[in-house]
Amino acid sequence: MSLLRFERNGLVALGSLDGEEVVDLSAVNPDLPTDISALLRLGPAAMEPVAAALRAAPAGARVPLADVTVLPPTMTPGKTLCLGLNYVDHAAESGREKPDYPVVFMRCPTSFVGYGQPMLRPKVSEQLDFEGELVAFVGRRGRHVPRDKAHDIIAGYSVFNDGSVRDYQRRTQQWTMGKNFDATGGFGPAFVAADQLPPGAKGLKIQTRLNGQVVQDANTSDMVFDLAETISLLSACMTLEPGDLLVMGTPAGVGAARKPPLWMKPGDTCEVEIEGIGCLRNPIVQED
């Protein structure tokens, strides 16, 4: 199942993505939550009315993808936990050793922007960098989750562009400021159910393209801390709850590591594609 949060005619709706069309599930069942995290907080049984709405959807519920505004899959995660330096080659290009414990920071929903919507280069900096990443949605509550049970709490996946304002990121030892400028985190287009992908989304090709040029090209198996180990380590500290997001880090090739640096600028288009999940595309515009 591939679920899309979108806006059409001024209304936010939940849909099922089918190629270049969207099945408007909210038109079939108006009681369905339109936010993926809100849906997951209702428990595993919440997917049953979603599936029922998809089966019952008439032909008239299908609309072209081009006719809707795609929104981030969620704007209500309880927490968004992001990993830094989680690919060996990216740690090396950043001048860091391979971490022996995850580098974790958090993102705010005000930084999220949906598929096709502009990522903003802030007016206080020109150093807006790209970072293609896998997102995992927590579907069940977990604390002290063992590695061999970790995949059981994941409901699905999406794609993220962890747009980073590098000069602000480097101003302090904490990365919060550089990672949370408004509308710098591309997210989507859809939520893809975990049962459609390999356990832990391992072995998937992940690629970032800037204006059609490949700038990052790797595999999700190249992570330092895979999803199961990440869940085990994080849940030793805090309770993971339905609707939480885990953003799993980026591979090598970021603009900051290039000579000269390659920053995203107004007029650019950045794409992040993960095999089996989808392609996230965002234009870059200057903040007004």
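Start by selecting Ala201, which sits in the loop between E15 and strand E16 (205-210). Before you go further, keep in mind that this is a predicted model.

**Stop 1**

Is Ala201 buried or exposed? Ala201 is buried, because its relative accessible area is 0%, and the cut-off for buried is under 20%. Now check the backbone: phi of Ala201 is positive, about 55°, even though Ala201 is not a glycine.

Next, click on Ala183. You'll find Ala183 in the loop between H6 and E14. Phi of Ala183 is near 55°, again a positive value in a residue other than glycine. Ala183 counts as buried, with a relative accessible area of 14%.

**Stop 1: two cis peptide bonds**

Select Gly188 and Pro189 together. What kind of peptide bond joins Gly188 and Pro189? The bond is cis, with omega at about 5°. Pro189 has its place in the loop between E14 and strand E15 (191-193).

Then jump to Lys259 and Pro260. A cis peptide bond joins Lys259 and Pro260 as well, and here omega is about -5°. For Pro260, look in the loop between strand E18 (245-247) and E19.

**Stop 2: a tryptophan in a loop**

Select Trp175, in the loop between helix H6 (166-169) and strand E14 (185-187). Trp175 has 14% relative accessibility, so it counts as buried.

While Trp175 is selected, try the distance tool. Pick the C-alpha atoms of Trp175 and Ala136: they are separated by 21 Å, and the two residues are 39 residues apart along the chain.

**Stop 3: an arginine in helix H6**

Move on to Arg166, which lies in helix H6. Is Arg166 buried or exposed? Arg166 is buried, since its relative accessible area is 4%. To see what surrounds Arg166, leave aside its neighbours within four places in sequence and display Gln127, Asp129, Phe130, Glu131, Lys179, Val254, Ala256 and Trp263, which are in contact with Arg166.

**Stop 4: an isoleucine in strand E19**

Now select Ile274, in strand E19 (residues 269-274). Ile274 counts as buried because its relative accessibility is 1%. Setting aside residues up to four places away in sequence, Ile274 touches Glu133, Leu134, Ser158, Val159, Leu204, Lys205 and Ile206.

**Stop 5: the cysteines**

How many disulfides does a search of the whole structure find? The search finds zero. Select Cys237 to see one case. The closest cysteine sulfur to that of Cys237 is in Cys82, 15 Å away, so the two are too far apart for a bond; a disulfide would need the sulfur atoms within 2.5 Å.

Cys279 is in no disulfide either: the nearest cysteine sulfur belongs to Cys270 and is 9.5 Å away.

Cys237 counts as exposed, because its relative accessibility is 53%. Cys279 counts as buried, because its relative accessibility is 18%.

**Stop 6: zoom out**

Clear your selections and switch to cartoon view. The chain has seven helices and 20 strands. The radius of gyration is 18 Å, close to the 19 Å that the globule rule gives for 288 residues, so the chain is as compact as a globular protein of that length. Along the principal axes, the C-alpha atoms fill a box of roughly 55 × 45 × 30 Å.

What share of the 288 residues in the chain is buried? Buried residues make up 54%. Contacts tell you about the fold too: of those between residues at least 6 apart in sequence, 75% join residues at least 24 apart.

Finish with the surface on. The accessible surface of the chain is about 12,300 Å², and 51% of that belongs to carbon and sulfur atoms.

Terms used
Residues are numbered from 1 along each chain as its sequence is written. This is a predicted model: local features need pLDDT of at least 70, side-chain atom pairs count only at pLDDT 80 or more; totals for chains, interfaces and linings use all residues. Side-chain values use heavy atoms; hydrogens and water are left out. Buried means under 20% relative accessible area, exposed over 50%, partly exposed in between (1.4 Å probe, protein chains only). Helices (H or I, at least four residues) and strands (E, at least two) are DSSP runs, numbered from the N terminus. The radius of gyration is taken over C-alpha atoms; the globule rule is 2.2 Å times the number of residues to the power 0.38. Contact means heavy atoms within 4.5 Å. Accessible areas come from the Shrake-Rupley method with a 1.4 Å probe; for residues, only the protein chains shown count as cover.
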